[in-house]
Amino acid sequence: MRNPFLKIHMLIEGRNLRLPLTILFYNAILAFVMLIFLFFNSESFQEGLYFDTASYLHQFLILSSIQIGTVFLLMPFYVSGLYVNDREKHMLEQFAMVPGVNRQFVEAKIILVLMMNGLLFISGVPVTALACIYTGLGWQKIIRLAMMVFLFAFWSGSVSIFFYSISSRLVWSFAGTLTAEFAFTVGTLFLIELCRNGGIAMTRGTGMPEELSAFCLFLLMLNPISSYFGYYGNITGDNGLISYYCSHFGIDASGRWFNLLFFKFAGLTCFLTGLLFLSLAVRYMNMKKTSAGHD
């Protein structure tokens, strides 16, 4: 293994109780939610109540949304644990004279993030497969869910790694990570509303300028929630919510080409944003190392 940081962290994580306990609680939550669905469904059938089969799809969607939400919830805490070990053992300082060590340091962190989320997802596949069988969905939906989990893990992990790399205090790194995630998920929607209101004011209610509508669409692609709505539409076959929202700033989202391309570009934008944060983390660490060398 060429990356010494990855090798050291794999040895540390393999002997740590944190990952097994995380997997245990993760699967306990998934199994508990699935058992609740099975219980209420069986009660409905036994009592002869009307039960809409479309609700099965929403049950699978709730279960998979818990898996996706877990990524955002766990990522700042997991990355924080990685950096605590590094700063206690001064690992980065021990390799400071090796060229390219900062890039390897960041690479090890993001690989560990993806490996951890991969283990969590694989451990939850039996429950997810049961939900697919119960709802009549195919194995393609599990693959689609895995892609979404890894995409959001890469995005959220990159944001966390950037802030934990540029700040020496874990509290500020944690706060910066939460602020950035809030800015991308909620802040972009707020900017879209500001642009929409400004555009309507400029045109005196006659419509949105095309340039401003395109800018709002770009802001929407920066929001990781857009990729989630692509997954939601793939499961339920309903993209009415994103179409309704886009119509507010002058974009017709009801066409076939929009549904075919927008969500793919949103996923690509999410991936490129993660790459940007990782590149900025490496660049900052190189600049800090250079300035320390001059001093």
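**View 1. Helix α5 passes helix α7 in a right-handed crossing.** A crossing is right-handed if the near helix is turned clockwise from the far one by less than a right angle, and left-handed if anticlockwise. The two helices, α5 (residues 101-123) and α7 (residues 139-166), pack at about 145 degrees with axes 9 Å apart. Axes are lines fitted to C-alpha atoms over the stretch in contact, and angles run from 0 to 180 degrees between N-to-C directions. From α5, the contact (heavy atoms within 4.5 Å) includes Val106, Ile110, Val113, Asn117 and Phe121. From α7, Leu145, Val149, Ala153, Gly157 and Ile161 are among the residues that take part. By class, 13 residues in this contact are nonpolar, four are polar and one is charged. Here Ala, Val, Leu, Ile, Met, Phe, Trp, Tyr, Cys and Pro count as nonpolar, Asp, Glu, Lys and Arg as charged, and the others, Gly among them, as polar. The model is predicted: local features need pLDDT of at least 70, side-chain atom pairs count only at pLDDT 80 or more, and totals for chains, interfaces and linings use all residues. Residues are numbered from 1 along each chain as its sequence is written, and side-chain values use heavy atoms, with hydrogens and water left out.

**View 2. Asn117 sits in helix α5.** Asn117 is buried, at 4% relative accessible area. Buried means under 20%, exposed over 50%, and partly exposed in between (1.4 Å probe, protein chains only). Beyond four places in sequence, Asn117 touches Val71, Met75 and Ala153. Phe152 lies 35 residues from Asn117 in sequence and 9.9 Å away in space, C-alpha to C-alpha.

**View 3. Ser167 lies in the loop between α7 and α8 (170-203).** Ser167 is buried, with a relative accessibility of 16%.

View 4. Cys195 is in no disulfide, and the nearest cysteine sulfur, that of Cys216, is 4.5 Å away. That gap is too far for a bond, because a disulfide needs two cysteine sulfur atoms within 2.5 Å. Cys195 is buried at 16% relative accessible area. Cys216 is buried too, at 0%.

View 5. Helices (H or I, at least four residues) and strands (E, at least two) are DSSP runs, numbered from the N terminus. Of the 295 residues, 44% are buried. Among contacts between residues at least 6 apart in sequence, 80% join residues at least 24 apart. The accessible surface comes to about 15,900 Å², and 71% of that area belongs to carbon and sulfur atoms. Areas come from the Shrake-Rupley method with a 1.4 Å probe; for residues, only the protein chains shown count as cover.
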